[in-house]
Amino acid sequence: MRSVPPVAGAYVLLTAGAGALCAAPAFFSDTSWPAVALLACVYVGCGQAGRAPRGMGTFFPVLLAGAFVLPPAAAALVAVPGALLGPVERRPKGLRRVWRAAQLALAVWASAQVFGAFGGPEAISAPRFPYALAPGGAAVLVFCGVLAVLDGGILAAAERVPLRAAWRGLLLRSLAPVAVHGLAGLMMAVLWTSSYGPVSALLILLPMYISCWVFAQYQRERSAHQATIRALVQAVDIKDGYTRGHSERVGQASMMIARELGMPDERAEVLRFAGILHDVGKLGVPTRLLRKDGPLTPEEREIIQLHPEYGHEMVRGIGFLGEARAAILHHHERLDGSGYPYGLVGTQIPEFARVVAVADAFDAMTSTRTYSRARPVEVAVAELERCAGTQFDPVMVGALVRALRREGWHPVVTADEAGGVPAARSEGVPVPGAASL
């Protein structure tokens with residue numbers, strides 16, 4: 001939205017006008033302005049405090065509590081000050097603030113209407129609290145639906161996303177977290193209307209805010225991990241034009257094997273890191289050898305075969321990689337002991353290394369390089385099965401084969417997309433038809 005298309009600007013203004021019309025009756029009726037002001041101030045405070053842990057600026061429990069305890073027009077006003085004063089990262093900031101205020105005002109207004117239509121205000125009295133869950137759930141569903149519809153519209157208008165794709169998945173992605181916020185908002189509403197009063201209702205926010213803060217810290221740590229991986233891969237890209245596409249595809253194939261083996265999500269993610277970084281040691285190999293067109297001499301091959309040890313040294317101090325470090329060191333080992341760098345045999349080879357070895361060889365066979373054309377997936381699978389038990393772990397080969405038969409092979413990046421740099425030379429001693437980089 002940095003350069004706003006006219007249709008997007010008109011869409012924002014139309015949404016803002018609709019929000020203003022929904023909130024206008026509050027100024028001409030007997031509105032409880034102290035309650036509106038209190039909730040609006042709390043929402044502003046949550047938004048300002050959200051500057052520290054990124055992503056906590058939108059604190060839906062406050063907005064949904066307003067929808068549960070205030071008339072629809074008054075509830076719509078709760079979001080406006082926080083949206084107008086909240087942090088905005090991209091330009092045009094003024095238009096984005098107006099858009100966010102209008103969007104939230106409409107969503108809160110609609111959820112308050114539904115909550116009232118289902119008898120929610122009467123049900124939140126303490127003796128009938130369980131009956132408030134149904135109107136509360138309907139209000140949350142409408143709240144998510146309005147946000148999803150408006151978000152899809154702005155994507156289509158401002159980003160020119162096709163209409164069919166603009167709304168895809170928006171509602172389902174937001175429903176679960178907003179439902180949790182809605183339950184907190186409902187508890188606030190129950191306390192608000194009880195003999196304990198509004199101040200006690202605000203106590204609900206403390207554990208909710210702490211849980212959001214912890215989640216934001218987790219997301220921040222995860223982003224740092226991803227940034228570390230990207231930096232390492234980009235460094236290798238400079239030396240080896242083939243590695244970017246190859247590394248990402250090996251990570252993808254490794255994940256397919258992990259899912260087939262039933263690995264927990266945490267281990268599967270580390271295994272993906274192993275696949276992406278398995279060739280990071282090429283940073284220590286002379287570029288002229290990686291891009292050499294002719295045959296490698298025995299001395300040159302020995303130099304290239306040092307890259308697993310180089311890679312292991314490079315990532316030794318990166319704690320979150322865990323088992324991935326062993327995979328980087330041992331992904332060229334073979335079950336029969338003929339691999340390198342240490343000639344490990346069978347289960348002496350770490351599990352992650354046995355997975356990456358299969359994923360690496362599969363992508364090597366199905367990718368086009370300067371010295372070989374890509375082979376069909378069926379041919380690559382047949383070669384993996386032929387070498388299972390000698391070069392590759394049969395369990396890992398079987399897992400990849402089953403995953404390929406069920407899902408097919410749809411690589412996320414190809415060597416050509418990686419930038420058109422000539423492909424790197426294989427440093428492995430090739431098994432006929434199954435060279436492993």
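**Note on the predicted model: cores, helix packing and confidence**

1. In this predicted model, Leu70 is in contact with Ala35, Val36, Leu39, Ala75 and Val78, when its neighbours within four places in sequence are left aside.

2. Leu70 also belongs to the largest nonpolar core, which has 63 residues. Together with Phe60, Val62, Leu63, Leu104 and Phe143, Leu70 touches the most other members of that core. Two or more residues each come from helices H1 (6-23), H2 (33-49), H3 (60-69), H4 (72-85), H5 (93-117), H7 (133-158), H9 (170-193) and H11 (205-239).

3. Helices H7 and H9 pack with their axes 9 Å apart, at an angle of about 140 degrees. Angles over 145 degrees would count as roughly antiparallel; H7 and H9 are therefore oblique to each other. Their crossing is right-handed.

4. On the H7 side, the residues that meet H9 include Leu133, Val140, Leu141, Phe143, Cys144 and Ala148, as well as Gly145, Asp151 and Gly152. Their counterparts in H9 include Leu170, Leu171, Ser174, Leu175, Val178 and Ala179, along with Gly182, Leu183 and Leu186.

5. Confidence requires comment. The protein chain has an average pLDDT of 84, and 87% of the residues score at least 70. Over residues 50-57, however, the pLDDT is below 50, and this stretch has 22 contacts in the model beyond near neighbours in sequence. Residues 414-437 likewise have a pLDDT below 50, with 86 contacts beyond near neighbours in sequence. Where pLDDT is low, the predicted coordinates should not be read in detail.

Notes: Residues are numbered from 1 along each chain as its sequence is written. This is a predicted model: local features need pLDDT of at least 70, side-chain atom pairs count only at pLDDT 80 or more; totals for chains, interfaces and linings use all residues. Side-chain values use heavy atoms; hydrogens and water are left out. A nonpolar core is a set of buried Ala, Val, Leu, Ile, Met, Phe, Trp, Tyr and Cys residues joined through side-chain atoms within 4.5 Å. Buried means under 20% relative accessible area, exposed over 50%, partly exposed in between (1.4 Å probe, protein chains only). Helices (H or I, at least four residues) and strands (E, at least two) are DSSP runs, numbered from the N terminus. Contact means heavy atoms within 4.5 Å. pLDDT is the predictor's confidence in each residue, from 0 to 100. Axes are lines fitted to C-alpha atoms, for helices over the stretch in contact, and angles run from 0 to 180 degrees between N-to-C directions. Angles under 35 degrees count as roughly parallel, over 145 as roughly antiparallel, 65 to 115 as roughly perpendicular and the rest as oblique. A crossing is left-handed if the near helix is turned anticlockwise from the far one by less than a right angle, and right-handed if clockwise.
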